[in-house]
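Q: Could you take me through reading the pockets and the ligand site of a structure, starting from the elements that line a pocket?

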Amino acid sequence: MTIPDRLNSIRESITETAIDCGRDPSAIKLVAVSKRHSIASIGEAIKAGQHLFGENYIQEAAEKRKQIDSSAEFHFIGHVQTNKAKLAAELFTMIETVDRYKLAKVLNTQLEKLERNLNILIQVNIGRDEKKSGVEPEKAKELLEQIKPLSRLRPLGLMTIPPFTKNTEEVRNYFKKLYCLGKDLAKQKLFVDNMNIELSMGMSHDFKIAIEEGATIIRVGTAIFGARNDKT
Ligand SMILES: *Cc1c(COP(=O)(O)O)cnc(C)c1O
């Protein structure tokens, strides 16, 4: 299948899943995860109407940004090293992976200089997986309180990468947990728009479950672009 064919089939699947569970399909944003895929592949996706992309590596994203239509929008979904915060503040319309105060503070300082505001999500380590980044669920509140005075950052919601498992009920459980945590934090007015918070969860293999559990952003790579040339 070509990239446009795959994109169409994913869009159909998003619409179908949303309608089946009584949600508005337009409330779900598809981030096409283009990490380690070529400019040509991104170009094909843009031609097929996709304008939102996700990248994991700041340097790679910076190179791509130079060569890609400026109408395309990039979310950062990888680990942000504090020393890359300046580039990160310039390149992305959203950073989905803010997980510590030090990073938030450095980002805010860079954004001040750029006179720019930036949408962010708090990455939560919902499965308490030692190998994954993200703030522990019970510390998300404290982090959001610390971020409040950082006026250039706009916290819109939460993001998670659950521990890998083929057990769909287990995955569903992690998504439910993120949903509940988001609701709880919204009740405490910790986001910019507490009536409509963003939940970024679900990838190629589990985005339907994520939609059923309230995802507003899904991050799909392999199912659109095919297998990555993973570095060894
Ligand atoms: C790579 C990546 C994805 C996409 O994963 P696929 O399984 O290829 O869909 C989504 N989210 C994050 C954070 C990623 O690093």
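A: In the lining of the second largest pocket, α7 is the element that gives the most, with 3 residues. Helices (H or I, at least four residues) and strands (E, at least two) are DSSP runs, numbered from the N terminus. This is a predicted model, in which local features need pLDDT of at least 70 and side-chain atom pairs count only at pLDDT 80 or more, while totals for chains, interfaces and linings use all residues. Residues are numbered from 1 along each chain as its sequence is written, and side-chain values use heavy atoms, with hydrogens and water left out.

Q: Which residues lie nearest the centre of the second largest pocket?

A: A pocket, on a 1 Å grid over the protein atoms alone, is an open set of points where a 1.4 Å probe fits, with protein on both sides within 12 Å along at least five of seven lines, and lining residues have an atom within 4 Å of a point. Here 13 residues line the second largest pocket, and Tyr179, Lys183, Met195, Asn196 and Ile197 lie nearest its centre. Two or more lining residues come from each of α7 and β7 (198-200).

Q: How much space lies in the largest pocket, and where does the ligand sit?

A: A volume is the space filled by probe spheres set on the points, which are joined across faces, edges and corners. For the largest pocket this is about 540 Å³, and among its 29 lining residues Lys35, Lys132, Ile161, Met203 and Arg219 are the closest to the centre. The ligand sits in this largest pocket, in the sense that more than half of its atoms lie within 2 Å of the grid points.

Q: Which residues come nearest to the ligand, and which polar atom of Asn56 lies 2.8 Å from a ligand oxygen atom?

A: A residue is near a molecule if one of its heavy atoms lies within 4 Å of it, and of the 13 residues around the ligand, Lys35, Asn56, Ser204, Arg219 and Thr222 come nearest. A polar contact is a pair of N or O atoms within 3.5 Å; for Asn56 the polar atom belongs to the side chain, whereas Gly221 places a polar backbone atom 2.8 Å from a ligand oxygen atom. A polar side-chain atom of Thr222 lies 2.5 Å from an oxygen atom of the ligand.

How values were computed. A polar contact is a pair of N or O atoms within 3.5 Å; within protein, one must be able to donate a hydrogen and the other to accept it, and residues adjacent in sequence count only if both atoms are side-chain atoms.
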